[in-house]
Amino acid sequence: MTAVGPDFEVGAVVAERTVHLTRAALVRYAGASGDFNPIHYNDAVAERVGLPGVLAHGMLTMGLAVETIVSWLGDSGRILDYGVRFTRPVVVDTDAGADVSVVAKVGAIEDDAVRIDLTVSHDGTTVLGKAQVRVRAAS
């Protein structure tokens, strides 16, 4: 575990990872979340409503993004707030799936908190805009 504190510099990378999503993962998430919108599992429905394919749930993308920093924090209870803007969808191919990459950097250091900026991308495109997590500094 790394303590969040004054030893960090704005711009420092604190965590990063790539998560591979499959259609099976979308079905499991639908069951866990109760979001059974067919755009998340049915190609015909997604196409009929003008989408480029089956999309990952936005909240799934948001959750896997913030989870990237949990092991670095050591305690998810230190998260004070978290917000994103959904800017682009994550299209999950039937066979290939989709890779979502997350890079977490120190965005700002306050007296009692640190803002972590998350860059979340799929296929070279940012999918979450203004993805920021405020975390309580270690005591």
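Which residue takes a positive phi near 60° in the hairpin of β4 and β5? In this predicted model, the residue is Asp123. The β4–β5 hairpin has 2 residues between its strands.

The model is predicted: local features need pLDDT of at least 70, side-chain atom pairs count only at pLDDT 80 or more, and totals for chains, interfaces and linings use all residues. Residues are numbered from 1 along each chain as its sequence is written, and side-chain values use heavy atoms, with hydrogens and water left out.

Strands are DSSP runs (E, at least two residues), numbered from the N terminus. Two strands count as paired if DSSP finds at least two bridges between them.

Strand β1 covers residues 13–21, and β3 covers residues 98–109. The two strands pair in the antiparallel sense, over 8 bridges. Leu21 has Ala98 of β3 as its bridge partner.

Strand β3 also pairs with β4, which spans residues 113–122. These two strands run antiparallel and are joined by 9 bridges. They form a hairpin, with 3 residues between them. Within this pairing, Ile116 in β4 lies opposite Val106.

Strand β4 in turn pairs with β5. The sense is antiparallel, and the bridges number 9. Arg136 in β5 stands opposite Ala113.

Strand β5 (residues 125–136) has a further partner in β2 (residues 79–86). This pairing is antiparallel and has 6 bridges. Here Arg134 of β5 stands opposite Asp81.

Key. Helices (H or I, at least four residues) and strands (E, at least two) are DSSP runs, numbered from the N terminus.
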